[in-house]
Amino acid sequence: MIKNIFKFSEQPHFENPSLIVGWSKDAGQLSPKVVEYLNRKLKSRSFSEIELAGFFSLGGVAVENNVAQFPEGRFYYSEENNLVVFKSSEPHFEKYKFLNAILDVAEHYCKVKELFTINGTVSGVAHTSQRSILTVFNQEAFQRKLRGCGLEDMNWEGPPATSSYLLWVARRRGIPGASLWPEIPFYLAAGEDFQAIKLILSFLDKRFNLGLDLKELDEKIRDRNEKISQLREEDSEINKYIGMLESGLSLSEEEQMELIKGITELLEEEG
Amino acid sequence: MGIKLYKEPELKSAIMLCGWPGIGNIGIIAIDTLRGVLKAEQFGEIEPFDFFDPRKVIIEGGLLKDLEFPSSKFYFRRIKDKDLIFFIGQEQPTDGRTRYAEGQKAYKIANLVLDVAERFGCRRVYTSGAAVTQIHHIVRPRVWAVPNSPDLIDEVKSYENTILMSGIEGRGGQGIISGLNGLLLGVAKKRDLEAVCLMGEIPYYLQGAPWPYPKASKSVLEVLAKILDIELDLSQLDELAKKVERSVEEFLETLYRAEGIPSQIEEEIERLRQAGQTELGPITEEEQKRIMEHIDELFKGEGWNDKKHL
């Protein structure tokens with residue numbers, strides 16, 4: 001069954017690794033950027049790829065930012081860090097089959113001991129405020145185990161994300177898992193939110209002793225913050241709106257739109 | 001993966017009644033009302049994972065408590081000397097591209113439903129849905145009945161307020177039943193199992209409306225009550241039907257006053273009010289298309305999707 005859905009290119013030696021799942025689209029580009037960063041820094045190697053037919057609409061390609069896109073679903077492994085990463089587009093069809101296929105590889109092929117999913121949650125928090133990683137666990141014991149790691153419990157009822165669905169399927173198989181949802185200021189959701197990316201990478205760094213050098217991100221955060229500060233000096237409305245968010249006040253829909261417009265223009269200049 | 005049964009009730013020559021959501025929710029309201037009135041007991045379900053995505057997650061204190069999927073449940077009840085099985089599906093499975101059940105998933109779920117029917121010795125299956133037609137909403141809807149065997153035609157003809165496809169002007173006995181209501185009839189036929197689809201009439205200008213059409217569900221239930229030889233208290237359904245009729249009247253009045261639709265279309269709808277049930281000729285296909293374009297546009301607009309109208 002696994003071999004019908006996944007193509008394997010290598011057979012690495014696994015020692016009960018942890019699995020990190022990241023999706024190709026996310027608020028603040030969080031999930032794809034975290035996974036790309038990890039794979040690059042840890043020199044992870046791809047060992048398996050999912051067959052797309054049946055899970056994705058393959059009636060052509062989407063073009064984004066002038067570039068043709070195509071769905072993907074690929075497993076990577078960093079032997080040195082005993083970490084498996086699954087980087088994927090979210091399936092359009094047959095989600096249950098898709099998620100079970102991921103966990104078939106994770107459970108039977110890699111023998112993972114736990115899994116983490118990465119997603120950003122859009123929030124009314126200001127980019128200058130302290131950010132939280134809101135977290136959902138699929139087992140109480142796993143939640144207890146990660147107490148004191150700087151994670152904040154999430155409460156929510158509504159339509160489920162693919163990550164929540166994966167976590168639920170994992171629970172049915174007895175695989176402990178957590179979904180990490182750092183807050184992304186709504187006005188940074190369309191671009192890259194370096195602060196949130198760093199927040200998650202720092203957590204993973206600590207949890208798995210990865211020895212990541214995050215200076216590159218620190219510079220980007222500093223640069224971004226300086227640009228926004230400059231914009232605040234030049235544009236009193238933008239300054240007022242961010243100031244309101246910093247004070248814990250909420251903005252009207254119109255104010256939110258103005259703030260998004262101002263910041264988006266700034267980020268576009270940034271390229 | 002598939003069917004989960006909590007009980008194995010001993011049933012004899014049972015009749016199965018199936019309901020799914022659809023236009024005006026006519027079928028599911030009819031069958032689920034009957035299930036509720038007869039206090040049928042749940043005895044099984046179809047596992048949702050192969051057919052539906054979850055629609056709600058519940059997260060409390062950082063713990064994933066539950067994931068809710070649309071349910072597909074079986075119930076049973078003995079009344080007098082008849083055993084009844086109910087199947088109530090909260091959603092029709094689609095492949096993500098169509099509104100109604102179609103393709104492999106639909107075929108699979110239809111087969112699972114009939115597996116249960118055969119396992120408990122069902123001799124007859126009824127499905128129920130909507131018949132979109134040229135009637136006014138003040139008119140008592142008829143029930144269009146489609147059996148899956150010519151042997152059932154005489155019996156169906158004897159049902160009160162019911163009409164065969166051949167009795168509908170311009171149809172010549174032809175038509176299409178979309179989604180599971182139709183598919184189940186076909187799959188039952190393949191298994192040599194008798195099945196009949198009962199479709200309550202709904203005015204075509206309401207087929208895209210966000211509210212149910214209980215008046216047609218009532219017509220279906222009246223037919224089923226006769227078939228099953230039972231008395232039903234349908235006062236609650238009557239109340240709901242009256243409420244919906246008032247809402248439709250208010251909706252049209254508001255539209256007419258605000259000149260939200262051309263006066264010609266208003267006249268065409270009002271002409272149906274006078275025409276009653278038996279004179280279906282005054283509106284041409286072209287006119288019907290034009291009305292639908294306007295009405296559908298209005299139902300898609302934010303203002304009219306407000307459920308407070310009900």
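Hi everyone, let me start with chain B: of its contacts with a separation of 6 or more, 73% are between residues 24 or more positions apart. Two residues are in contact here if their C-beta atoms, placed from the backbone, lie within 7 Å. Before I go on, this is a predicted model, where local features need pLDDT of at least 70 and side-chain atom pairs count only at pLDDT 80 or more, while totals for chains, interfaces and linings use all residues. Residues are numbered from 1 along each chain as its sequence is written, and chains are lettered from A and ligands numbered from 1 in the order in which they are written.

Staying with chain B, we have 8 helices and 11 strands; these are DSSP runs numbered from the N terminus, helices being H or I of at least four residues and strands E of at least two. Of the 310 residues of chain B, 40% count as buried. Buried means that 20 or more other C-beta atoms lie within 10 Å of the residue's own, again with C-beta atoms placed from the backbone.

Now, how do the two chains meet? Chain B brings 17 residues to the contact and chain A brings 23. On the chain B side, β4 (56-60) and β5 (63-68) each supply at least two residues, and β4(B) gives the largest share, with 5 residues. That side of chain B divides into 8 nonpolar, 3 polar and 6 charged residues. For those classes, Ala, Val, Leu, Ile, Met, Phe, Trp, Tyr, Cys and Pro count as nonpolar, Asp, Glu, Lys and Arg as charged, and the others, Gly among them, as polar.

Strands pair if DSSP finds at least two bridges between them. In this pairing, A:Trp156 stands opposite B:Ile59.

Over to chain A, which is divided into domain 1 (2-213) and domain 2 (217-270), with bounds from an automatic or database domain assignment. Their centres, taken over C-alpha atoms, are 28 Å apart. In the contact between them, 15 residues of domain 1 meet 15 residues of domain 2. The domain 1 side comprises 8 nonpolar, 6 polar and 1 charged.

Last stop: helix α8 of chain A, residues 236-246, whose buried residues are A:Ile238, A:Tyr241, A:Ile242 and A:Leu245. Viewed down the axis of α8(A), these buried residues fall within an arc of 90°, so they line one face of the helix. The arc is that of the directions from the helix axis to the C-beta atoms. After α8(A) comes A:Gly248, with a positive phi near 85°. Thanks, everyone!

Conventions:
Buried ≥ 20, exposed ≤ 12 C-beta atoms within 10 Å, placed from the backbone.
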